[in-house]
Amino acid sequence: MWILGLSPLPLHRVLGLKLRLSASVLALIMMVLVIVSGLSLALPWRRILFFSASIAMMSYGMTSLALSLGALVPNFRESNPARIVSGFGGTVCLIASFVYIVGGSAVLVIPSWQHLRQEASVWMGYDWRLELLSLGGLAVLTVVFGGLPYFFAKKRTKNLEYLRDL
């Protein structure tokens, strides 16, 4: 951290660059896997796009959550990097990630569940508005679990107070 603190780039810009680079690469890799899987399963393109958009949002949310909690709750005292994960920040990140994944999965399963429920009675056609509403719910969860911690982490890295603990 002290090397990054001495660099000409401010830490909040390094934080933003790390978020954009990591999340974009992860989202790209995951979207390629979703598209290949969807094509091999012969899914309709609207479902492939739905899953691709959801995986892109979740990759940004998970990356932002982990990066933000690492900046908000750093452990500079630990000499072994493998033990940092089992500390307070790592535990909070694990629990928040679990809640985000379960909540996101619950929101994303609503269109499929509704489709199966309607198919059991009389199926009148596909309603894409439910998928958009589900993606909107995932966007809200992403802002809560990824955007808010990132906002506070960026604010904390702008003032370099916590570097005095090094």
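Is Ala 42 buried or exposed? Ala 42 counts as exposed, because its relative accessibility is 64% and the cut-off for exposed is over 50%. This is a predicted model.

**Helix 2**
- Helix 2 covers residues 11-40, which makes 30 residues.
- From its first C-alpha to its last, helix 2 reaches 43 Å. That is close to the 44 Å expected at 1.5 Å a residue.
- Several residues of helix 2 are buried, among them Leu 11, His 12, Leu 15 and Gly 16. The buried set also includes Leu 19, Ala 23, Ala 27 and Gly 38.

**The loop after helix 2**
- Ala 42 lies in the loop between helix 2 and helix 3.
- Just after helix 2, Ala 42 takes a positive phi of about 60°.
- Most residues other than glycine have a negative phi. Ala 42 has a positive value and is a residue other than glycine.

**The salt bridge**
- How many salt bridges does a search of the whole structure find? The search finds one.
- Side chains of opposite charge can pair when their charged atoms come close.
- Here the side chains of Arg 47 and Glu 131 meet, at 2.5 Å from N to O.
- The pair links distant parts of the chain. Arg 47 is in helix 3 (residues 45-72), Glu 131 is in helix 7, and the two are 84 residues apart.
- Arg 47 counts as buried because its relative accessibility is 11%, and the cut-off for buried is under 20%.
- Glu 131 is buried too, with a relative accessible area of 6%.

**The positive patch**
- Which residues gather in a patch of positive charge on the surface? They are Arg 13, Arg 20, Lys 154 and Lys 158.
- Helix 2 and helix 7 (129-158) are the elements that give two or more residues to this positive patch.
- Lys 154 is found in helix 7. Lys 154 counts as partly exposed because its relative accessibility is 31%.

- Ile 29 is found in helix 2. With a relative accessible area of 44%, Ile 29 is partly exposed.

Definitions and conventions:
Residues numbered from 1 in each chain as written. Predicted model: local features only at pLDDT ≥ 70, side-chain atom pairs only at ≥ 80, totals over all residues. Heavy atoms only, no water. Helix = DSSP H or I, 4+ residues; strand = E, 2+ residues; numbered from the N terminus. Expected span 1.5 Å × (residues − 1). Buried < 20%, exposed > 50% of the residue type's maximum accessible area, 1.4 Å probe, protein only. Patch = residues over 30% accessible without salt bridge, like charges linked within 9 Å, V, L, I, M, F, W, Y side chains within 5 Å. Areas by Shrake-Rupley, 256 points an atom, 1.4 Å probe, with all protein chains shown as cover. Salt bridge = Lys/Arg side-chain N within 4 Å of Asp/Glu carboxyl O. Lys, Arg positive; Asp, Glu negative; His and termini not counted. Charge placed at Lys NZ, Arg CZ, Asp CG, Glu CD.
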